[in-house]
Amino acid sequence: MVTKDNIKNKSTDHKVILRNLTQEDYDTLVSSMHEAYSGIDADVWQKREIKRLLKLFPEGQICIEIDGEVVAVALSLIVNYSKFGDNHTYNQITGNETFNTHDPEGDVLYGIDIFVRPDYQGMRLGRRMYDARKELCEKLNLKSIIAGGRIPGYQEYTDNLTPKQYIEKVKMKEIYDPILTFQLSNDFHVKKILKNYLPADKESRTYATLLEWNNIYYEEKEKLIGGRQAVVRVGLAQWQMRSVFSFEALLEQVEFFVDSVSSYQSDFLLLPEYFNAPLMAEFNHLSEAEALRGLAEYTEPLREKFSEFAISYNINIIMGSLPICEQDKLYNVSYLCRRDGTWESQYKIHPTPDEVASFGMRGGNTLKAFDTDAGKIGILICYDIEFPELSRILAEQGMDILFVPFLTDTQTGFNRVRICSQARAIENECYVVIAGSVGNLPRVKNMRIQFAQSAVFSPSDFAFPSNAVVAETTPNTEMTLLADVDLDLLKELHNMGSVRNLKDRRKDLYSLKWKKATQKPQ
């Protein structure tokens, strides 16, 4: 139910109350309707109709009372929108004003009327009622608010403009329409132009706009167990490179971090790029390229073990990255091991010049955002974060969190990863989690020194930390990091942020397209 909102208007000394309509309001409602409908050849609502609306859906009938008089009203129904689609009339949506189309199990709040008495216009009463409708839509978990909107200003332009041209000029603020301009300013968008939606509306020449406001908080029917969570806990290991003398010793170190992070009910654990490099000591007598190919022999056993850890510790694990040989070609790959036992892979698209020169590394050619039980994620390995096209493609696939395992030996290399990661968080309105290694490996060629400060980055807006850093580690110190990120804040940012990088792209001027269609790295 709409809560009472008592506000004292100092300039006119009026008492303004926002509340739900009642049957007792009808007598004062009639005079307001006559004044508001003066430009439309339409009958006012009858008492029996208001009574039926209040019986069917009392929460959806909102009014504003000023000094004891009802001067503004918003009426609505809940409908199963798939039964009507975008091509419908007002009579169809209201069941010829019987309201038998109201469906408490429907998915859309449909606005069937809204008006403000002319002598009370200019007090922003319409905005209050729209805000109340939006609040109701969110509380009832409905997909959207839809309404057919009049365009009374169109009568002045019928000889020169089509309805489409008129609407476009209103959008661009070249023409003011008393109704459409107001609706657009309240975050509604035009889905379609309707003809004969309201035949009695001569001012609009019987045209109407089909308007929609999307509820960004809408959730499909909520699961009691395993449903989508708004707040996600991410964990990472800032990994100490140290000499190990067996595969089992490396696994013992890995399991320590898995156990530690999962004990804090973390949804994710991210490890650094080439975290298994200590095992290369076994191949130190070989060339750098041959040693990395030797390390690749451990990749499949590690993936199998990590899948076991993901299930037994109930945590989704991003396995940093590891070398893999396929058809005698060397790649750098990261694995997502989900806690449900499934797994997927993401190949590094851009090997660094040093990886190519020292190891003969090749780049993958597929990119995908992965569904998990804690949001949609992307994985970009180290150097890939420095190519903004990749993260934008993942953002277009609905990515919430981007995980970046990295390995850098100098502060300049690290800064490239860090600064680009922060830029990607802002550009793509997502969280970015980076994890690197620290310490030294004196017995392993090309992996001797490391520099890292792992972190969790956010977009930059009022709902997020002022420096856009959710959390970060102490530089060059082995440790874990845990942080909570709110995915609902991303939804708000996409739709209502101070700036909207994803929405405001000029798609009429440029586009981004993934060309490669093959499924295997080349």
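Helix H7 (247–262) has buried residues that are covered by, among others, strand S9 (231–241), strand S10 (268–270), helix H9 (299–312), strand S11 (316–318) and strand S22 (479–486). This is a predicted model, in which local features need pLDDT of at least 70, side-chain atom pairs count only at pLDDT 80 or more, and totals for chains, interfaces and linings use all residues. Residues are numbered from 1 along each chain as its sequence is written, and side-chain values use heavy atoms, with hydrogens and water left out.

Some terms come up throughout. Helices (H or I, at least four residues) and strands (E, at least two) are DSSP runs, numbered from the N terminus. Buried means under 20% relative accessible area, exposed over 50%, and partly exposed in between (1.4 Å probe, protein chains only). Contact means heavy atoms within 4.5 Å.

H7 has 16 residues. From its first C-alpha to its last, H7 reaches 22 Å, close to the 22 Å expected at 1.5 Å a residue; the expected span is 1.5 Å times one less than the number of residues. The buried residues of H7 are Phe247, Leu250, Leu251, Gln253, Val254, Phe257, Val258, Val261 and Ser262. They cover an arc of only 160 degrees around the axis, so they sit on the same side of H7. The arc is that of the directions from the helix axis to the C-beta atoms. Glu248, Glu252 and Phe256 are exposed, on the face turned away from the buried side of H7. An α-helix has 3.6 residues a turn, so residues three or four places apart point the same way.

### Helix H5 and strand S8

Helix H5 (residues 163–171) also has buried residues: Pro163, Tyr166, Ile167 and Val170. Their arc around the axis is only 95 degrees, which puts them on the same side of H5. The cover over the buried residues of H5 includes H6, S7 and S8. After H5 comes Lys173, with a positive phi near 65 degrees.

Strand S8 (residues 207–214) has six of its eight residues buried, so it is largely enclosed by the rest of the structure. Which strands pair with S8? S6 does, and so does S7. Two strands pair if DSSP finds at least two bridges between them.

Gln183 is in helix H6 (residues 180–185). Is Gln183 buried or exposed? Gln183 is buried, with a relative accessible area of 5%. Leaving aside neighbours within four places in sequence, Gln183 is in contact with Tyr130, Gly149, Phe188, Thr209 and Leu211.

### A loop residue and the cysteines

Asp67 lies in the loop between strand S3 (62–66) and strand S4 (69–79). Asp67 is partly exposed, at 45% relative accessible area. Beyond neighbours within four places in sequence, Asp67 is in contact with His14 and Lys15. A polar atom of the Asp67 side chain lies 3.3 Å from the backbone nitrogen of Lys15. The C-alpha atoms of Asp67 and Ile434 are separated by 59 Å, and the two residues are 367 residues apart along the chain.

The whole structure holds zero disulfides. A disulfide is a pair of cysteine sulfur atoms within 2.5 Å. Cys63 is buried, with a relative accessible area of 0%. Cys420 is in no disulfide either, and the nearest cysteine sulfur, that of Cys382, is 10 Å away.

Methods
Polar contact = N/O pair within 3.5 Å; in protein donor to acceptor, adjacent residues only side chain to side chain.
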